[in-house]
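Dear colleague,

I am passing on the structure below, followed by notes on what I found in it. Please read them with the model open beside you.

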Amino acid sequence: MGSKNKLKRFKENDTFDNVIQPTREEVVNGEFPYKGKWRSEFFKNDNPIIVELGCGKGEYTIGLAQRNPNTNYIGIDVKGARFWRGAKTAVESGMNNTAFVRTQIELIEGVFEAHEVDEIWITFPDPQIKYKRTKHRMTNTEFLKMYKRILRPEGVVNLKTDSEFMHGYTLGLLHGEGHEVLYANHNVYHNEGAPEEVLGIQTFYEQQYLEVNKAITYIRFKIK
């Protein structure tokens, strides 16, 4: 993407009511305005809150929000030029149940209060295959502990990925640490039982994977 396009998108993001772009200091120092107040101050309802981590272009955030107008959806990504597309779609469609926050995944405890989130989606994350990158895998032990703190007690996590490595690593970790796997499938488009939102919403890159017959995997789990 050209630098001019990025700058244009950054400027347009500033005009969207559904985009929040805090500084790192605000998040780290407990100054993020909606922490613990997403329902009362931002969405102004008591509906469930579902978060997509590493939302990219926001395709899943938007797709889920369109299906479930009585649920609040928040996409998190550090790249504002990416989620610009999702934020713009929501604005143009008059959707009032979506928000996008530009921040690092590692800082989400500065964005959400304990037990404020009902469900988490992680869609096509970088699998960080090299061993020295283990700490950056979005389903490693430390990330799971963080997710548990912001999730309500019965909250769930969804992982959808094209990476067999990420799928296997996550399943092994979940079983090894005694977490509850609710559903796991190594090829959701060739096996029965996958939820509609797993099959019915496809990201841009997912469509490319499917064109070359690359398997898409999915895990739904609770963190103990």
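The largest pocket

The largest pocket holds about 830 Å³ of space, where a pocket is an open set of points on a 1 Å grid over the protein atoms alone at which a 1.4 Å probe fits, with protein on both sides within 12 Å along at least five of seven lines, and the volume is the space filled by probe spheres set on points joined across faces, edges and corners. Its lining numbers 35 residues, and Gly54, Gly56, Asp77, Arg82 and Phe124 are the closest to the centre; a lining residue has an atom within 4 Å of a point. Helix H5 (80-93) is among the elements that supply at least two lining residues, and with 4 residues H5 gives the largest share.

This is a predicted model, in which local features need pLDDT of at least 70 and side-chain atom pairs pLDDT 80 or more, while totals for chains, interfaces and linings use all residues. Residues are numbered from 1 along each chain as its sequence is written, and side-chain values use heavy atoms, without hydrogens and water.

Helix H7 and the whole chain

Just after H7, Gly178 has a positive phi of about 80°. Over the chain, 49% of the 224 residues are buried.

Best regards

How values were computed
Buried < 20%, exposed > 50% of the residue type's maximum accessible area, 1.4 Å probe, protein only.
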